Amino acid sequence: MKKLIIGNWKMALGYQQSLELAENLVLSQPPRPLLAEVVVCPSPVAISSVANILEGTAIFWGAQDAAEQTPGALTGETSLESLVELDCRFILLGHSERRQFFNETDAIINAKLRAVIERTTIKPVVCLGEDLATRQFGQAEEKVSRQLQAVLAGIILPADRELIIAYEPIWAIGTGQTSTPEQAQAMHQFIRQELEQLGYPNNRLLYGGSVKPDNAASLLAMPDIDGLLVGGASLTADSFWPIVFAQ
Ligand code: PGA
């Protein structure tokens, strides 16, 4: 299976900047066979225009979040149905910044995941990971296991759907401090076992947290790392393409 590389543009770029980055990515794509599946997740205001630029290229687009509710009177929210219209192929759910700054709980993420699976064919990318204190206390696996059980509670995944989990240790996001490939591999192996036990054998596991051109290859070489979720280094074509081509 191809590795999956997702660029998470967060709220870092304005509308014009998002279009410029999409254009740069298309213009600067290295003329070599693309071995990975490539996705970018712009902010909601830019998805439609970025989609117009990326249409027909090898780069797919996705969303960073959406509401679980059906369309209606919910000021400020983005519906899954509108993302389907924009042909979003992927959606991030439960990113640690959503958990930290917007009070998203595992229960909310569970409701969003259920909505994505029941109402769309968009591929959900569920983000989770432990904070530094939890790791230092030696409880990282327990924490991740609890998150997995909570976000997946009662979720029935049809046989033709896959579940994508992004393991993003909070202490590694935007800090320049990456999990070592061995640490990440150990956690991915653990997550894979948990998912199999919970009845989700059709899964892909991404690593995220300070992924850069110089550490991408060693992370992607790990047997249970199926791809990467990239924040800061996805904001320029110069740093994103080397990550995509790192394997
Ligand atoms: P980072 O962000 O690559 O800037 O650490 C990753 C993420 O938050 O998805």
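Colleague: Why is proline 223 called exposed?

Modeller: In this predicted model, proline 223 has a relative accessible area of 64%, and exposed means over 50%, buried under 20% and partly exposed in between, with a 1.4 Å probe and protein chains only. The value of 64% therefore places proline 223 in the exposed class. Local features need pLDDT of at least 70, side-chain atom pairs count only at pLDDT 80 or more, and totals for chains, interfaces and linings use all residues. Residues are numbered from 1 along each chain as its sequence is written, and side-chain values use heavy atoms, with hydrogens and water left out.

Colleague: Where does proline 223 lie, and what is it in contact with?

Modeller: Proline 223 belongs to the loop between H9 and strand E8 (227–230); helices (H or I, at least four residues) and strands (E, at least two) are DSSP runs, numbered from the N terminus. Apart from neighbours within four places in sequence, proline 223 is in contact with Gln185 and Arg192, where contact means heavy atoms within 4.5 Å.

Colleague: Why is serine 210 counted as buried?

Modeller: The relative accessibility of serine 210 is 8%; this is under 20%, so serine 210 counts as buried. Serine 210 sits in the loop between strand E7 (203–208) and helix H9 (213–220), with a positive phi near 55°. Most residues other than glycine have a negative phi.

Colleague: How do you know that isoleucine 109 is buried?

Modeller: Its relative accessible area is 0%, and because this is under 20%, isoleucine 109 is buried. Isoleucine 109 is part of helix H5 (residues 106–119). Leaving aside neighbours within four places in sequence, its contacts are Leu93, Gly94, Arg99, Glu104, Val126 and Val151.

Colleague: Which residues of helix H2 are buried, and what covers them?

Modeller: Helix H2 (residues 44–54) has Ala46, Ile47, Ser49, Val50, Ala51 and Leu54 buried. Their cover includes H1, strand E2 (36–41), strand E3 (59–63) and helix H3 (80–85). Just after H2, glycine 56 takes a positive phi of about 85°.

Colleague: What makes a set of residues a nonpolar core, and which residues have the most contacts inside the largest one?

Modeller: A nonpolar core is a set of buried Ala, Val, Leu, Ile, Met, Phe, Trp, Tyr and Cys residues joined through side-chain atoms within 4.5 Å. The largest has 69 residues, and Ile191 and Leu228 have the most contacts inside it. Isoleucine 191 touches Leu128, Val144, Leu148, Ile165, Tyr167 and Leu205, not counting residues up to four places away in sequence. A second, separate core of 12 residues includes Ile6, Phe90, Ile164 and Leu206.

Colleague: Why is the chain called as compact as a globular protein of that length?

Modeller: The chain has 10 helices and eight strands. Its radius of gyration, taken over C-alpha atoms, is 17 Å. Of the 247 residues, 53% count as buried.

Methods: The radius of gyration is taken over C-alpha atoms; the globule rule is 2.2 Å times the number of residues to the power 0.38.
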